Amino acid sequence: MIAQLHVSPTSFITDLRELHRQYLPLRQGKIYVSEPDLVEINPDWFGICIVTVDGQVYTVGDWEQPFLIQSISKVFAYGMALSDWGRDYVVSRVDVEPTGDAYNSLIKVEENSKRPYNPMVNTGAIAITNLIEGKGPAHRLNRLLEMYRRYVGHRVFVDTPSLVSEQTAGDRNWAIAYLLRNFGMISGEIKQTLDLYLQQCSVIINCHDLAVMGATLANNGVNPMTGEQAIHSDYIKDLLSVMFTCGMYDFAGEWVYKVGFPAKSGVGGGIIGVVPGVMGIAVFSPPLDKRGNSIRGIKVCEELSRRFGLHIFQS
């Protein structure tokens, strides 16, 4: 698969190491922490991992360093909702239109339908989490963790201290949830929906895990390391479409213009990229820009796109 990029595997890993050396000294940005002194985060943590659809793996830097998946989870929760309810019903609850607002804007819904604009911002993601089926809170969480297992290839776990911290500082999400219920876009007990939403964001992964998840999307829903179908192939285009147009929040337009492949960021410092039919890309670096995107992650993806012609409109 790397040969499709007209480069040898040896040359490719050399390029990744060069990018790591080039951007490691870039120390701008702010690290997200939900609570002071909860965890120690090194601003120099910086990992890159590429996993191809035929299972080749290329790693550089701190690719084994665990971090929270955070908002990257929204892509995969959206896939669960689609699997549970089907495309037509899910779109009737959450639209797929980009918005120029920040990821945590208090509320922005369509004037007539009251639907959140897309599932990649908090408003839409909370509505999507409300759709995940289960017989109770524990069953829904187990279904969510099992979904992650299919994408990653091994079990994953929720970081309890981070979860508790987010639960105690969640006034904005409570406000969003009450407004959504007022508009008829979510139902049931709000606490259960918010707990599951924060649980899905508090799952611990590393750069390799994230690249495998990206490669699974690139491989039409089949995990290239295990051969397991993580999501039905019918929904892959839905996930990649909203990643492409909405995945980088209010940076989405510039991302499409400069980078040009589907991606999603999280305030934990991760960025997942998908080159359909070729590979998944993961970059981890905690310092964030004002939009909540990893600064080094954006630079690496821009350079990978430029060097290897990864923009989907590049002939």
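A crossing of two helices is called left-handed if the near helix is turned anticlockwise from the far one by less than a right angle, and right-handed if it is turned clockwise. Please keep in mind that this is a predicted model.

With that term in hand, let us turn to helices α7 and α8. Helix α7 covers residues 171–182 and helix α8 covers residues 190–201. Their axes come within 10 Å and cross at roughly 130 degrees. As to hand, the crossing of α7 and α8 is right-handed. Which residues make the contact? On the α7 side they are N173, W174, A177, Y178 and R181. On the α8 side they are I190, K191, L194, Y197 and L198.

I now come to the aromatic rings. Such a pair is described by the distance of the centres and the angle of the planes. The count in this model comes to nine aromatic pairs. One of them is formed by F12 and Y58, with 5.1 Å from centre to centre and 80 degrees between the planes, an edge-to-face arrangement. This pair links distant parts of the chain: F12 belongs to helix α1, residues 9–23, while Y58 belongs to strand β2, residues 57–61, and the two are 46 residues apart. Are these two residues buried or exposed? F12 is buried, at a relative accessible area of 0%, and Y58 also counts as buried, at 8%.

A second pair is that of F244 and F313. Their ring centres lie 6.3 Å apart and their planes stand at 75 degrees, so this pair is edge-to-face. Here too distant parts of the chain are linked, with F244 in helix α10, residues 236–246, and F313 in the segment after α12, 69 residues apart. F244 is buried, at 14% relative accessible area, whereas F313 counts as exposed, at 63%.

Helix α10 itself is mostly covered, with eight of its 11 residues buried. The buried residues of α10 are I236, D238, L239, L240, V242, M243, F244 and C246.

Two further contacts complete the account. Finally, the charged end of R296 sits over the ring of F46, 5.4 Å from the ring centre.

Technical notes. Residues numbered from 1 in each chain as written. Predicted model: local features only at pLDDT ≥ 70, side-chain atom pairs only at ≥ 80, totals over all residues. Heavy atoms only, no water. Phe/Tyr/Trp six-rings, centres within 6.5 Å; stacked < 30°, edge-to-face > 60°. Helix = DSSP H or I, 4+ residues; strand = E, 2+ residues; numbered from the N terminus. Buried < 20%, exposed > 50% of the residue type's maximum accessible area, 1.4 Å probe, protein only. Lys NZ or Arg CZ within 6 Å of the ring centre and 35° of its normal. Axes fitted to C-alpha atoms, helices over the stretch in contact; angles between N-to-C directions. Contact = heavy atoms within 4.5 Å.
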